[in-house]
Amino acid sequence: GEVCTMINKKYKEFLPSMQSAEDLAARVDGLASNIDLLRAGIENEVQRDLNVAVAEFTELKQQLERDTLVLSILKKLQEFDTAIKDYNTALLEKKYVAAAQQLEKARSSLKMLESRKGFELKILKALGTELTVQTQNMLYHLGEEWQKLAVWKLPPSKESSSLESVMHSELHLRTVPSKGEEIAGPPVASVLQAFAVLGELHTKLKIFGQLLLKYILKPLISYPSLQPFTEEQSDVFILRFKSEEPNLDHSSPMEVFHKIQLVFEVLHKYLLNVPLEQPAEDKKECRVTLAELLGDMIWEELSDCLIQNCLVNSIPSNSSKLEQYIEVIKSTEEFEKALKKMQFLKGDTTDLLEYARNVNSHFANKKCQDVIVAARNLMTSEIHNTVKITPDSCVALPKLPGPVAGDHLKVEKTPKLLHNDVVNLENETKLSQYTFSLPTCRISSSVEKLMELAYQTLLEATASTDQCCIQLFYSVRNIFQLFYDVVPTYHKENLQKLPQLAAIHHNNCMYIAHHLLTLGHQFRYRLTNILCDGAATFVDLVPGFRRLGMECFLAQMRVQKGEILERLSSARNFSNMDDEENYCAANKAIRQVLHQLKRLGKVWQDVLPVTVYCKAMGTLLNTALSEIVTRIAALEDISAEDADRLYSLCRTMVEEGPQVFTPLPEDDKNKKYQEEVPVYVQKWMTFKELMILLQANLQEIVDQWADGKGPLAAEFSAAEVKSLIRALFQNTERRAAALAKIK
């Protein structure tokens with residue numbers, strides 16, 4: 001029973017809460033359906049009204065934008081129109097600057113109109129054309145004015161470069177405004193400013209600048225006799241030339257600077273002192289003067305011309321004049337200052353001054369350049385003009401000067417040598433008279449001059465500043481490097497074809513090598529400390545020069561040997577001399593060889609040193625004798641008549657061969673060398689023994705052999721002698737007996 005009571009109690013408590021939950025659910029459902037109704041209402045009606053409103057608003061907004069655009073376009077069109085009208089008025093009144101500014105205004109209105117996307121107007125094209133036409137019209141007017149303001153009177157173009165024609169150039173500048181123009185400043189100002197506004201000034205000035213350079217400035221630099229001459233008339237100013245006798249080939253920089261400055265001052269006064277104050281809107285700088293613009297255009301070319309044709313020539317060519325160069329540096333500085341004051345030059349431009357201040361280096365460069373050019377000319381001159389040198393010849397070395405006032409540079413560096421007033425280097429370095437002497441021979445006079453040039457340049461180096469000294473020292477080394485490269489190539493054909501030139505070239509190389517041994521040494525006290533670490537030497541070049549001379553001469557020897565063998569090859573192997581035709585051929589070959597040797601003996605005479613001459617001629621004669629011996633020793637059958645004829649051919653060689661040795665022009669002195677021929681011709685005795693063989697009987701041959709101890713055995717092998725015996729004698733018992741003894 002108690003349980004039931006509990007349950008009832010709980011149930012009673014539960015019912016009301018369930019009731020309230022159900023009420024809540026019912027209310028929620030009601031609310032939800034209200035919301036649905038409301039949403040439906042919004043979606044159907046309010047939303048529609050809203051869309052309409054937005055659409056209307058957007059349309060109105062676009063309408064407004066369109067109207068604003070149209071309005072601004074109409075405004076711009078109106079501005080364009082007004083600008084063109086004002087331009088026309090200004091142009092009629094010759095107010096050029098104002099007219100130009102109106103054109104520029106019209107131009108910017110048009111630009112604005114063209115930039116409107118999606119708004120292409122047919123009218124724009126017409127406006128563009130109108131603007132172009134008006135601009136051209138204005139430029140034409142300005143051009144006409146400009147031509148009246150600055151008038152060039154020029155020589156006919158055919159003869160533009162001679163002094164005669166340059167004299168006819170004139171520039172006329174108008175100085176007074178023509179009637180009816182009331183403009184402050186020179187009349188030029190408004191025209192040029194208008195050009196500037198239209199952006200055409202650059203072209204006009206460029207043409208003017210080119211004329212100015214070609215007909216006025218450059219001639220003043222090139223012709224020392226020209227003087228600028230100015231004349232002022234009532235309404236025009238004239239710049240022309242007058243000519244005076246020049247005192248030098250090149251005017252000094254001071255004179256040239258003076259003339260150029262005068263021209264610029266005149267231009268500045270009558271033409272160029274115009275500030276361009278009203279540039280078109282987009283240009284930054286507000287005040288540029290014409291002088292600056294023109295300076296920008298022509299300065300580079302003008303300063304180059306001044307350096308090349310004026311300052312370069314003023315660089316001294318020997319070191320003693322360097323002191324006086326201070327003047328030039330000063331006047332260069334003043335010239336640049338004056339041009340900067342007139343605004344032709346920007347403040348930081350110093351091309352000329354830098355060049356002038358750098359005089360030491362230019363001096364060295366110029367000197368080195370001169371040296372190399374001189375050397376190259378010597379190398380490409382004819383080899384065959386020769387001079388004779390003897391063991392006593394020295395290069396004509398100028399006396400080295402002692403210290404002079406103002407010469408402090410050198411004094412510090414060479415205290416040892418400066419006690420006497422004059423230092424004679426030649427004697428100071430002589431050991432014994434012939435330690436380094438050269439044999440007597442002929443060399444090209446150009447090479448002797450080349451050597452003098454090298455000595456002179458080193459001498460100059462010793463008197464120069466350190467930097468210059470180094471440069472000059474190396475340019476002397478360059479001379480020799482250049483010789484090594486240039487001469488063999490430049491004279492290649494002649495050195496191959498002409499034996500005499502090959503000999504002279506050989507001597508030239510030996511002569512140079514000889515001098516290079518001592519060249520640095522002679523100047524060692526004077527070449528500055530910079531080079532004294534052993535670099536002041538030329539010894540390393542010596543082997544190369546010796547080789548150069550040897551190779552060229554040996555190549556010539558090979559050519560001559562080839563010719564000798566070629567000639568002997570036509571002697572029909574010296575076989576069957578009893579046949580008249582064969583004998584004639586062999587005789588002719590021998591004559592030709594002797595003739596060739598005789599000719600060589602002549603062309604090398606007095607050219608090659610005697611020892612070289614005798615070796616060379618000996619080698620060639622030896623080639624001929626050796627070839628004849630080989631050919632005769634190879635014969636298998638020699639008749640008695642053959643032997644006689646061969647003997648007489650050989651006798652010709654032995655009698656006439658030595659006569660080709662004529663190393664000296666005085667005949668009586670050559671006897672000695674002709675008697676010494678066996679010394680120079682290796683196969684001489686072999687040849688003599690062959691001749692004895694050709695005339696001997698069997699017993700004589702056996703005696704000459706003398707059991708391998710006789711003179712014959714010294715020249716021929718047993719096999720060669722046996723072969724000759726078989727060729728010369730018929731097969732008999734006596735021959736067999738003789739052959740048995742040759743072993």
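The following dialogue explains how to read several features of this predicted model.

Q: What kind of model is this, and how are its residues numbered?
A: This is a predicted model, in which local features need pLDDT of at least 70 and side-chain atom pairs count only at pLDDT 80 or more, while totals for chains, interfaces and linings use all residues. Residues are numbered from 1 along each chain as its sequence is written, and side-chain values use heavy atoms, with hydrogens and water left out.

Q: How many helices and strands does the chain have?
A: Helices (H or I, at least four residues) and strands (E, at least two) are DSSP runs, numbered from the N terminus. The chain has 28 helices and 8 strands.

Q: What share of the chain counts as buried?
A: A residue is buried under 20% relative accessible area, exposed over 50%, and partly exposed in between (1.4 Å probe, protein chains only). Of the 743 residues of the chain, 43% count as buried.

Q: In which sense do strand 1 and strand 2 pair, parallel or antiparallel?
A: Two strands pair if DSSP finds at least two bridges between them. Strand 1 pairs with strand 2 (residues 170-174) in the antiparallel sense, over 4 bridges. The bridge partner of W152 in strand 2 is L171.

Q: Which residues have the most contacts inside the largest nonpolar core?
A: A nonpolar core is a set of buried Ala, Val, Leu, Ile, Met, Phe, Trp, Tyr and Cys residues joined through side-chain atoms within 4.5 Å. The largest one has 94 residues, and M138, W146, F208, I216 and L217 have the most contacts inside it. Helix 8 (residues 290-314) gives the most to this core, with 12 residues. A second, separate core of 73 residues includes L608, C614, W684 and V721.

Q: Which residues does F208 touch?
A: Contact means heavy atoms within 4.5 Å. Not counting residues up to four places away in sequence, F208 touches W146, A150, W152, L171, L267, L271 and L294.

Q: Why does L495 count as buried?
A: L495 counts as buried because its relative accessibility is 8%. The residue lies in helix 16 (residues 492-497). Among its contacts beyond four places in sequence is I383. L495 and I383 are 112 residues apart in sequence, yet 9.5 Å apart in space, C-alpha to C-alpha.

Q: How many salt bridges does the whole structure contain?
A: Side chains of opposite charge can pair when their charged atoms come close. A salt bridge is a side-chain nitrogen of Lys or Arg within 4 Å of a carboxyl oxygen of Asp or Glu. A search of the whole structure finds 24 of them.

Q: Which parts of the chain does the pair of E656 and R591 link?
A: E656 forms a salt bridge with R591, the closest N and O atoms being 3.1 Å apart. The pair links distant parts of the chain, with E656 in helix 21 (residues 640-656) and R591 in helix 19 (residues 580-603), 65 residues apart.
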